[in-house]
Amino acid sequence: MRSTIDNLGKPAKRKRNTSETKPSKRARSESSEEDVQAQILLLETEIFESKKNYNNITALIKLLRDDDEDAENSVVAAISLCRVFTRLMVSGDMAKREGTSEKEAVIVEWLRERYSEYKTAILALLGEEGISSTALSLCMRLLKTEGQHLHNSKEYNFPTKFLMAIVRVLLKPGSDGSIRKEFSEKYVEESDDVRFYTLEVIEKILVEAPTQTSEPSLLDNALEILTAIESVPESKDELEDFYIPAPKKTTHALFSLSQHKRRAQGAWLALMNLEMDKEQRKTILRLTATSIAPWFLKPELLMDFLTDSYDAGGSMSLLALSGVFYLIQERNLDYPSFYRKLYSLLDSEILHSKHRSRFLRLMDTFLASTHLPAVLVASFIKRLSRLTLNAPPGGVVAVVPWIYNLFKKHPTCTFMIHREATTAEARENLENEGMDDPFLPDEGDPMKTLAIESSLWEVVMLQSHYHPNVATLAKIISEQFTKQSYNLEDFLDHSYGSMLEAESAKDVRKVPVIEYEIPKKIFMKQDAASGADDTLLVKLWDFS
């Protein structure tokens, strides 16, 4: 018995003609379609009746793969073949047993070849919109049956090759995102064994990617599957949900928590080694603490990726340090230069950046520990105070409560609020000559800036700010610290627009008295006969 099927394993998506675009090659009536489906069911029934009718499998595969056939008929043929091969595997007709005759061995080999053709065809359906969900269900049913019955051996056999073929289709650029979501939520997240081997095959596929044409969508598709795995097992006892019956040997890798984490670690590292754009890198950095780091047996393996991301600058550096901080806090990673790198991000642009709110939130977390040296905390307070002198009102409004909260957490830094001269000679020099601020703004090490010996004269300057709300808020540093802390979220999202809107929405109790006179000259000196004073601009600059 030989197959007469040609052109097997077409990877491309089939194009089906519709009445809206081009007339179909065969005009069928409703009754004729029912006849085709009835023929499919008849071929299936005959296969179950006698081995002599095994050639019907070839006919069913032809109906499944025929481009001229209706999509609904292809689905019916696919479902019918799934029932056929499932029953053949369960009955043992596709496995070689001891004492099998040569004739029976030839039949088994022929059935396996047809089964391989069928899997290739069903994988092609997996890439087609509209029927991909049905194709996925058929694939996973075959995967389950194949793992249980295809091999005559008593050893545990998971069909990793078939799973890899499924995952390859799901990762292929242009594949349907809904089917990836269904695969991830229904199978990967729910079954420990499917998750284990899916992570393994994703790593293999991504490792091969650099030698091929690596497209950005490959990374996005892999990331979609990996991030769908929300539950990280914390103990061996949690590994109990298996799609295929679990192996009998308790020493199998499926029962090892470290082996599960090693597979996930390998998949994530393979993903990070791919070429990625700025937005993709940011997405991965945001997931470091929640979805990535908990899987890693060796968190230090993340450091290369985080360091490269930090060197990119801007918000990327901040996200990278956020991942490093998680590893320091939760995984006891030693990273001595963390606060030095954090301090270097406090440049003149940070309070003008659109990432200002996120930065201050993370800064509040990074400096929350009461075990930090007062010298270190003082450097951050002083640096941000200095930056507020050139910051927009929305930035100043966020920084002042942040400084207040830090003083409450680190009371040893409160000497910076008001520093008096301790001797009469020092007071006399201060009154006659003033003083130099000991703070070293160009020092990169926050432990050597001498900020603790300085004072917050910048905040006093803010108390004379042109915006009344800023000036009022800055005065809280000079008053008694009776409030336990301020909720930063109430101050982080202010901007020129929000502050103007708040002012315009206020109820005016008393109408202000305004005296307005249109000046005759702005950039030139007033006539002596007019008796009017020159404008400030004319006094400061000569425009003649």
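This is a predicted model: local features need pLDDT of at least 70, side-chain atom pairs count only at pLDDT 80 or more; totals for chains, interfaces and linings use all residues.
A residue counts as buried when its relative accessible area is under 20%. Arg-180 comes out at 5%, so Arg-180 is buried.

Side chains of opposite charge can pair when their charged atoms come close. A search of the whole structure turns up 16 salt bridges. In one of them Arg-180 pairs up with Glu-224, and the closest N and O atoms sit 3.2 Å apart. Arg-180 belongs to helix α7 (residues 177-188) and Glu-224 to helix α9, so this pair ties together parts that are 44 residues apart in sequence. While Arg-180 is buried, Glu-224 is partly exposed, with a relative accessible area of 32%.

Another salt bridge brings together the side chains of Glu-489 and Arg-361, at 2.8 Å from N to O. Glu-489 is found in the loop between α20 (468-474) and α21 (496-504), and Arg-361 in helix α15 (residues 356-366), so here the parts tied together are 128 residues apart in sequence. Glu-489 is partly exposed, at a relative accessible area of 42%, and Arg-361 is partly exposed too, at 32%.

Then there is Arg-386, which forms a salt bridge with Glu-458; their closest N and O atoms are 2.8 Å apart. With Arg-386 in helix α16 and Glu-458 in helix α19 (residues 457-462), the pair ties together parts that are 72 residues apart in sequence. Arg-386 is partly exposed, having a relative accessible area of 24%, whereas Glu-458 is buried, with a value of 0%.

Next come the rings. A pair of aromatic rings is described by the distance of the centres and the angle of the planes. The count of aromatic pairs comes to 17. Phe-242 and Phe-255 make up an edge-to-face pair, with 5.7 Å from centre to centre and 75 degrees between the planes. Phe-242 and Phe-255 both lie in the loop between α9 (216-227) and α10 (257-272), so the pair ties together parts that are 13 residues apart in sequence. Both of these Phe residues, Phe-242 and Phe-255, are buried.

The rings of Tyr-343 and Phe-380 have centres 5.4 Å apart and planes at 85 degrees; planes over 60 degrees apart count as edge-to-face, so that is what this pair is. Distant parts of the chain are linked here, as Tyr-343 is in helix α14 (residues 338-344) and Phe-380 in helix α16 (residues 374-387), 37 residues apart. Tyr-343 and Phe-380 are both buried. They also belong to one aromatic cluster, together with Phe-325, Phe-338, Tyr-339 and Phe-366. Tyr-343 has a charged neighbour as well: Arg-383 lies over the face of its ring, 4.6 Å from the ring centre.

Finally, two contrasting spots. Ser-80, placed in helix α3 (residues 71-91), is buried, with a relative accessible area of 0%. Leaving aside residues up to four places away in sequence, Ser-80 touches Ile-40, Glu-44 and Leu-60. On the surface, a nonpolar patch is formed by Ile-522, Phe-523, Met-524, Leu-536, Leu-537, Leu-540, Trp-541 and Phe-543, with about 840 Å² of accessible area together. Phe-543 comes from the segment after α22 (536-540) and is partly exposed, with a relative accessible area of 40%.

Note on methods
Residues are numbered from 1 along each chain as its sequence is written. Side-chain values use heavy atoms; hydrogens and water are left out. Helices (H or I, at least four residues) and strands (E, at least two) are DSSP runs, numbered from the N terminus. Buried means under 20% relative accessible area, exposed over 50%, partly exposed in between (1.4 Å probe, protein chains only). Contact means heavy atoms within 4.5 Å. Rings of Phe, Tyr and Trp (its six-membered ring) pair if their centres lie within 6.5 Å; planes under 30 degrees apart count as stacked, over 60 as edge-to-face and the rest as tilted. A charge sits over a ring if NZ of Lys or CZ of Arg is within 6 Å of the ring centre and within 35 degrees of the ring normal. Patches are made of residues with over 30% relative accessible area and no salt bridge: like charges are joined within 9 Å, nonpolar side chains (Val, Leu, Ile, Met, Phe, Trp, Tyr) within 5 Å. Accessible areas come from the Shrake-Rupley method with a 1.4 Å probe; for residues, only the protein chains shown count as cover. A salt bridge is a side-chain nitrogen of Lys or Arg within 4 Å of a carboxyl oxygen of Asp or Glu.
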